[in-house]
Amino acid sequence: MKKKLLTRKRLLQLISALSIVAFFAVWQIIVDFEIVPNELLATPLQVWKLLIVKLYNPNPDGALLTTHIWVSVQEALLGYLLSLAIGIPLGLLMGWYYVIEEMARPLFEVIRPIPGVAWIPLTIFWFGIGISGKIFIIWLSGVVPCVINSFVGVRMTNPTLIQMARTYGGSNWDIFRKICIPSALPMVFGALQIALACCWTSLVAAELVAADNGLGFLITMGRRFVRPDMIELGMVMVGLTGFIVGLIIDRIEKKLLAGIRR
Amino acid sequence: METDSTIVVELPPVQENTPTFLESLVVELPPVQENTPTFLESLKIILMRFHFLSFLSIALVLTFWHFISVYKIFGGTFLPTPWAIVQEIWRLMHQELIGKNILEHTWASLHRVFIGWAIGCAIAIPLGIFMALNDFARAIVKPVFDIFKPMPPISWISLAILWFGLGEESKVFIIVIGSFVPCLINSFNSLRLVDPALYDAARMLGANRRQEIMEVAFFGILPATFAGLQISLSLAWSCVLAAELVGGRSGIGFLIILGMNQYKPAIIVAGMVVIALTAWLITFGMEHIEKLVCPWRRDIKV
């Protein structure tokens, strides 16, 4: 039997690859043939060239690309870890203890609808444009999904298990620690990626408004100098770095929690 | 002899305690009280009802806030008192700031949100469904979409300003992008979330292909699609704020950046209160519409 050379699956993969190539080609061509002026849109080649140049030349925005990435990643991770450290325990406790839920809930409900972006002006008043203000904004946007997910996780605990533990004489704290937390874990893991996405988005917002380096700052500077290649490089790097950080977190999560995850 | 060899198991009588109406009312109370409650215990029960603790916590926070800002614990005048903010909102409702009072600024933002959101969803939902139905469309669109997906919509602001200037178009553009992504993802996944048993049931009852689409798939994808609409609307609301922070002459985001530039924290906090209220109203409204549109959707509300 002769194996079919072009299966449907292969064909689809081929089309996908062609589609990406076509996308970049069209992007290049519409600028090259001046359908879109070069002041408004840089070609992929220009972005690539700038990427290489920015690796050794800090001009015109005053820092290397690697510095920008490093600063952004640092801020995002600090805010992210802080939001995990506070959001997850708070959400778990809110799910189980009535008093904590009643006390924390109104505050949480007030803070939840305010997007992280809206905190920027106030944070600049409080913290200046340094790293602490940005971490505060990132923390605020990351903490919300953490609290919600771990809260829902505890609430979704199978009531039969809780009743069983109670029958066997487990104390409130025992039930919380040995039944509610493990059963909430899948939801908590779900929060890790959601919170990361929230943190990364608000990081860019914070840097767009006030910063002295970072990827968002690179984008702002590109606008100031009317350098679309710089803006596009910044955007691509934001997307790429966010994607890579997400992958790394996912990998760590799978390694560390391989035994617990169902 | 015979009776000795067989083992007679006496089952305990089955306890049937179906709660009466009155009992079902007190079921939610914490531990069952054996004696008549003492004064402290009854106080505890009262505290647990009526969200007393919630009010207490709000009152505590407002008090702390007041004293922090009155005695300038963190130094400076960076935090106005709660009462000052209420006054500020009242003032801004009657006095115009750059040609608009606070309600008109809010409306300016909402207006942009609705236009951008409607455009974004109008493109994303059909595209998502088409991608789910057609392998070739998916093969073409998905890789390009995956390039754009990880970029936060806010990072488009600079490019949008470069392309469209500081006017309405750039803000609407950002909102279109912001609401496009979650909408597309949800409507793309929605078809897969439809329970296959529903199709089987419909087919067994003699439905043809058209009826399967119109009467099963259509209603099956509604909940996920609606969730996409909801997510994208709240994302659009934060996008418009970001866009107005960076550049604009009206809108609630512009208002808070104006407060920053004029060094008036009261305006900022007043703006934030209005933002929270609006966001809350949006969520509330969407939830109600959702209940009207797809009442069969059940999930855990936080």
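In this briefing, Ala, Val, Leu, Ile, Met, Phe, Trp, Tyr, Cys and Pro count as nonpolar, Asp, Glu, Lys and Arg as charged, and the others, Gly among them, as polar. By these classes, the residues lining the second largest pocket divide into 40 nonpolar, three polar and two charged. The structure is a predicted model, in which local features need pLDDT of at least 70 and side-chain atom pairs count only at pLDDT 80 or more, while totals for chains, interfaces and linings use all residues. Residues are numbered from 1 along each chain as its sequence is written, chains are lettered from A and ligands numbered from 1 in the order in which they are written, and side-chain values use heavy atoms, with hydrogens and water left out.

**Chain B as a whole**

- The secondary structure of chain B consists of 13 helices and zero strands, where helices (H or I, at least four residues) and strands (E, at least two) are DSSP runs numbered from the N terminus.
- Of the 302 residues in chain B, 41% are buried, a word that stands for under 20% relative accessible area, with exposed meaning over 50% and partly exposed in between (1.4 Å probe, protein chains only).
- Among contacts (heavy atoms within 4.5 Å) in chain B between residues at least 6 apart in sequence, 68% join residues at least 24 apart.
- Chain B exposes about 18100 Å², and carbon and sulfur atoms supply 69% of this area, as computed by the Shrake-Rupley method with a 1.4 Å probe.

**Domains of chain A**

- An automatic or database domain assignment sets the bounds, and chain A is divided into domain 1 (1-36) and domain 2 (47-256).
- The C-alpha centres of domain 1 and domain 2 of chain A lie 36 Å apart.

**Pocket and cavities**

- On a 1 Å grid over the protein atoms alone, a cavity is a set of points where a 1.4 Å probe fits but cannot get out, whereas a pocket is an open set with protein on both sides within 12 Å along at least five of seven lines, and lining residues have an atom within 4 Å of a point.
- The second largest pocket has a volume of about 1700 Å³, a volume being the space filled by probe spheres set on the points, which are joined across faces, edges and corners.
- This second largest pocket is lined by 45 residues, and those nearest its centre are A:Val110, A:Ile111, A:Trp119, B:Val61 and B:Trp65.
- Elements of both chains give two or more residues to that lining, including helix H4 (98-111) of chain A and helix H13 (265-293) of chain B.
- There are three cavities of 30 Å³ or more, and the largest cavity holds about 70 Å³ of space.
- Residues lining the largest cavity include A:Ile120, A:Gly128 and A:Lys134, and by class this lining has six nonpolar, four polar and one charged residues.

**Individual residues**

- B:Arg138 lies in helix H7 (residues 135-148) of chain B and is partly exposed, with a relative accessible area of 27%.
- Leaving out residues up to four places away in sequence, B:Arg138 touches B:Met131, B:Ala132, B:Pro143 and B:Phe188.
- Most residues other than glycine have a negative phi.
- A:Val226, in the loop between helix H9 (215-224) and helix H10 (228-256) of chain A, has a positive phi near 50°.
- B:Tyr263, in the loop between helix H12 (252-261) and H13 of chain B, has a positive phi near 60°.
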